[in-house]
Amino acid sequence: MNGILDVRCLVLATMTPELQKQHEYMVVYEMIQNLKEILKGKHDNRDQDEPKTYQEAVSSPDSEKWLEAMRSEMDSMSENQVWTLVKPPEGIKPIGCKWVFKKKTDMDGNVQTYKG
């Protein structure tokens with residue numbers, strides 16, 4: 001998030017005072033519109049069609065896309081050597097894990113990527 005704020009600060013710093021004021025008004029206007037939609041119950045429910053479990057992901061119409069997202073994530077972790085596979089000590093139960101599935105969308109709400 002800091003990187004995004006840094007870029008916004010840089011953009012604002014290069015704007016004329018008139019453009020900065022217009023930009024501030026637009027940001028506030030968008031925030032008010034979003035808040036109105038939330039209060040009316042019309043807020044974005046994109047995550048409702050995202051699977052909550054592995055079973056939901058593999059049995060959904062987008063199962064191939066979710067499986068590819070999971071393969072990609074596992075490949076990335078393997079390439080980056082984020083873990084070393086070892087046998088757990090006797091009597092120790094390993095910590096489980098859970099997949100989290102998200103659809104990444106563009107500004108128009110079109111799905112660009114499936115992330116697992």
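This is a predicted model: local features need pLDDT of at least 70, side-chain atom pairs count only at pLDDT 80 or more; totals for chains, interfaces and linings use all residues.
What share of the 116 residues in the protein chain do buried residues make up? They make up 9%, where buried means under 20% relative accessible area, exposed means over 50%, and partly exposed lies in between, with a 1.4 Å probe and protein chains only.

Residues are numbered from 1 along each chain as its sequence is written, and side-chain values use heavy atoms, with hydrogens and water left out.

Let me start with the overall layout. The protein chain has 4 helices and 2 strands, in the order α-α-α-α-β-β along the sequence; helices (H or I, at least four residues) and strands (E, at least two) are DSSP runs, numbered from the N terminus. The strands E1 and E2 pair in the antiparallel sense over 4 bridges, pairing being assigned if DSSP finds at least two bridges between two strands. They form a hairpin with 5 residues between them, and Gly109 in the turn has a positive phi of about 90°.

Tyr114, leaving aside its neighbours within four places in sequence, is in contact (heavy atoms within 4.5 Å) with residues including Asp62, Trp66 and Lys103.

That brings me to the charged pairs. There are 4 salt bridges, each defined as a side-chain nitrogen of Lys or Arg within 4 Å of a carboxyl oxygen of Asp or Glu. In one of them, Glu50 joins Lys102, with the closest N and O atoms 3.4 Å apart. Glu50 lies in the loop between helices H2 and H3 and Lys102 in strand E1, so this pair ties together parts that are 52 residues apart in sequence. Glu50 counts as buried at 6% relative accessibility, whereas Lys102 is partly exposed at 34%.

Lys103 and Asp62 also meet through their side chains in a salt bridge, at 3.7 Å from N to O, and this pair links strand E1 with the loop between H3 and H4, 41 residues apart. Lys103 is buried, with a relative accessible area of 16%, while Asp62 is partly exposed at 22%. Asp49, Asp62 and Lys103 are linked in a network of salt bridges.
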